[in-house]
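I opened a new model today and kept notes as I went. Here is what I looked up, entry by entry.

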Amino acid sequence: MSNTIHSIIQKQTAFYQKGCTIDFKSRKQRLEILLKSLEDYTPEITRALKKDLGKSHEEALMTEIREVRKEIEYTIKNFQKWAKIKKVPTPVTLFGSKSRIIPEPLGKILIIAPWNYPFNLSVMPVIPALAAGNTVIIKPSELAPETSSVICDMISKNFSSEEIAVIEGGVDETSELLNHPFDHIFFTGGETVGKIVMKAASANLTPVTLELGGKSPAIVLKDANIKTSAKRIAWAKFTNAGQTCVAPDYVLIDRSVKDDFLKEIKKSVVSFYGENPKESPFYGRIINDRHFERLEKLLKNQKPVTKLETDSKARYIAPTVLDEVSTESPVMQEEIFGPVLPVLTVDSINEAIDFVTKRPKPLALYVFSENKKNSSEVLLKTSSGGACVNDAIVHLSSHHLPFGGVGISGMGAYHGRFGFETFSHFKSVVSSTTKFDIPLRYPPFPKWFKKLMNIL
Ligand code: NAD
C-alpha cells in the first residue's frame, strides 16, 4: 500500500510539474469526462448507495448525483471567468507600475471523505480542485464500501492516476497518505479525525479545509408557521435517517407553540414514511452496528412522542421525536447524526439565542419565524457555518453560497466560486517599467525626504 501511494504521488508531482493541468482546455476536458462518467455510472452509484445506506433511488438522485452534476455543469460554464487574471489599481507610490492578481493552482490535493453522502462528498470537492488546475487523490470512506468501490472504478476507468487517483481504505491508508506533503488537504468528517488531519498537515505546513459537524439547532419562534416549519424540519432531519452533517440536531421551540409543533411533526413523519417507516422505500438505515448501538444508547430514559422502534439486525431506528429533553442528557452532549430529534422548550427569543451562543459554533442554524425582525435578530446574534430562515439544509444546494463551518464546525468553504478559490493561490504581481527610475527610493536620502515621508 505504502509503495502504491508513494508511486501515485510521484506521478502526480511529475504530471503537475510538467504543467499538464494548467491550460483551460484540459481542465474543461477533465470536467466533461467527470460529467460523462457520472452519467454512465448513475445506476451503479444508486445501487451502491442503496446497499451502504438503504438510500432510495430518488434520494440518491436528489442529494448525491444531481448535486454533483449541477456543480460540474456550473463550474464548466464559469471557471474560466474565475481563473482570469484580474487587473487591480496601483497606488501612486508605485507610479510606473501595473498590478495584477494571478490565480494559480496549488498542486496536489488530498480529499478525505466521510460515509454519510459517500458519493457526493468524495466527488464534489474534486470539481473545483480540477477547475483550479490541480491533481487529486480521493480517499473515500471505508464505512460505505460499495460506494467507495464504485468511485474507484469510475475514476480509474476514466482518468489516469496522474490526474485523479482513488485510494480506498480506512485509518491505515489515510495515515499513510497524511505522511506525504500535499499542497492542500480537504477533509470532511468528524471533529476528532479533523484534529488528527490538521496535526499531520502541520508537519508539512499543508493548508487544510475542514468540513466538520456539530449540533445544528432549529429555533422555532412563536410567530412561526408551525405546520410548514414542522414539515421542513422533519424532512431535513429524517432524510438519510438523520445522518446529515447539517441536519437539525435539536429543536428549540417556544413553549406556547410546542404542542402544535409536536402534533404537526408527527403528522409529517406519517405523511412521508407511512404508519410503519420500516416498510417505506424512502426511509434509510443506520450505516453500521457501532453507530446503531450509539444511537440506541442515546434513546435510553427519553420520552419519545413518536413510536419508538429499533431493529438491530436491520440497523433500523424509526424517526423519533423526543419531548422534555434535559440539557444534561447524553443526547444533548454530542452530535446525534441519526433519526432522533430532541425538542427543548424556551420562553423567549433571548433564551434561544443564549442557548446557542453558550455552546460551540454549529455548522448550521435554522430559524423559523414569520417576523423578519425576529429572524434577523437570531441571525445577527448567533454564529454558525450557514443558516436558513424558514427552511433547513437547503442552503448547501446553492452554488452561489459558500458552504463550510466556523469555529469547531470547520474552516474554509467550497461550492461554486468558493471551491475554486479554496484550491487556488492568488498570486499578487507588480510589473514595473524600466523606462524611468525614480531615484528617491534609493539611499542616500536627501534631508527634506524625511519631512516629505512624514507628510505623506
Ligand atoms: P470520520 O471523521 O470518522 O471519518 C472521515 C474520514 O476520515 C474517513 O475517510 C475515514 O476513513 C478517515 N479516518 C477515520 N479515522 C481516522 C484516523 N484515525 N486517522 C486518519 N483518518 C481517519 O467521519 P465520519 O464518521 O465518516 O462522518 C461523520 C462526521 O462527518 C460527522 O461529524 C458529520 O457531521 C461530519 N460531516 C461533515 C460534513 C460537512 O460537509 N461539514 C459532511 C458530512 C459529514
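**Before I start.** I call a residue buried when its relative accessible area is under 20%. I also keep in mind that this is a predicted model.

**Entry 1: the whole chain.** I began with the overall counts. The chain has 15 helices and 18 strands. Its C-alpha atoms fill a box of roughly 85 × 55 × 35 Å along the principal axes. Of the 456 residues, 52% are buried. I also looked at contacts between residues at least 6 apart in sequence, and 71% of those join residues at least 24 apart.

**Entry 2: strand β8.** Which way do the residues of β8 point? Pro 217 and Ile 219 point one way, while Ala 218 and Val 220 point the other way. All of them are buried.

Next I looked up the partners of β8. Strand β9 (residues 250-254) runs parallel to β8, and four bridges join them. Ala 218 sits opposite Val 251 in β9. To get from β8 to β9, the chain passes through helix α9 (residues 226-238), and this β-α-β crossover is right-handed. Strand β15 (residues 364-368) also runs parallel to β8, joined to it by three bridges. There, Ile 219 has Val 367 as its bridge partner.

**Entry 3: the seven-stranded sheet.** I then traced the sheet that holds β8. Seven strands make an open sheet in the order β10-β13-β14-β9-β8-β15-β16, with mixed pairing. β10 (303-304) and β16 (386-389) are at the edges with a single partner strand each, so one side of each has no neighbour in the sheet. β16 pairs with β15 in the parallel sense over four bridges. Tyr 366 has Cys 388 in β16 as its bridge partner.

What packs on this sheet? Helix α9 does, touching β8, β9, β13 (320-323), β14 (340-346) and β15. The direction of α9 makes about 145 degrees with that of β14. Helix α13 (residues 372-381) packs on the sheet as well, and touches β8, β15 and β16. I noted about 160 degrees between the directions of α13 and β15.

**Entry 4: the six-stranded sheet.** Another open sheet has six strands in the order β5-β4-β3-β6-β7-β17, again with mixed pairing. Its edge strands are β5 (164-166) and β17 (410-411), and each pairs on one side only. β4 (residues 135-139) and β5 pair in the parallel sense over three bridges, with Ile 138 opposite Val 166. Helix α1 (residues 2-17) packs on this sheet and touches β3 (108-112), β4 and β5. The direction of α1 makes about 155 degrees with that of β4.

I wanted to know more about β3. Is β3 enclosed or open? Five of its five residues are buried, so β3 is largely enclosed by the rest of the structure. Lys 108, Leu 110 and Ile 112 are on one side, and Ile 109 and Ile 111 are on the other. β3 pairs with β4 in the parallel sense over five bridges, and four bridges join β3 to β6, also parallel.

**Entry 5: helix α7.** Helix α7 (residues 171-178) lies across β3, β4 and β6 (184-188), at about 155 degrees to β3. Its buried residues include Glu 173, Thr 174 and Leu 177. Among the elements covering the buried residues of α7 are α1 and α8 (191-203).

**Entry 6: two helices side by side.** The axes of α2 (residues 24-53) and α3 (residues 57-82) come within 10 Å and cross at roughly 175 degrees. That makes α2 roughly antiparallel to α3. Their contact has 14 nonpolar, five polar and six charged residues.

**Entry 7: Met 154.** My last stop was Met 154, in helix α6 (residues 145-158). Is Met 154 buried or exposed? Its relative accessibility is 0%, so Met 154 counts as buried. Beyond its neighbours within four places in sequence, Met 154 is in contact with Leu 34, Ser 37, Leu 38, Tyr 41, Ile 45 and Phe 119. Met 154 and Ser 37 are 117 residues apart in sequence, but their C-alpha atoms are 6.5 Å apart in space.

Technical notes. Residues are numbered from 1 along each chain as its sequence is written. This is a predicted model: local features need pLDDT of at least 70, side-chain atom pairs count only at pLDDT 80 or more; totals for chains, interfaces and linings use all residues. Side-chain values use heavy atoms; hydrogens and water are left out. Buried means under 20% relative accessible area, exposed over 50%, partly exposed in between (1.4 Å probe, protein chains only). Two strands pair if DSSP finds at least two bridges between them. A crossover is right-handed if, with the strands pointing away from the viewer, the path from the first strand over the helix to the second runs clockwise. Axes are lines fitted to C-alpha atoms, for helices over the stretch in contact, and angles run from 0 to 180 degrees between N-to-C directions. Angles under 35 degrees count as roughly parallel, over 145 as roughly antiparallel, 65 to 115 as roughly perpendicular and the rest as oblique. Ala, Val, Leu, Ile, Met, Phe, Trp, Tyr, Cys and Pro count as nonpolar, Asp, Glu, Lys and Arg as charged, and the others, Gly among them, as polar. Contact means heavy atoms within 4.5 Å.
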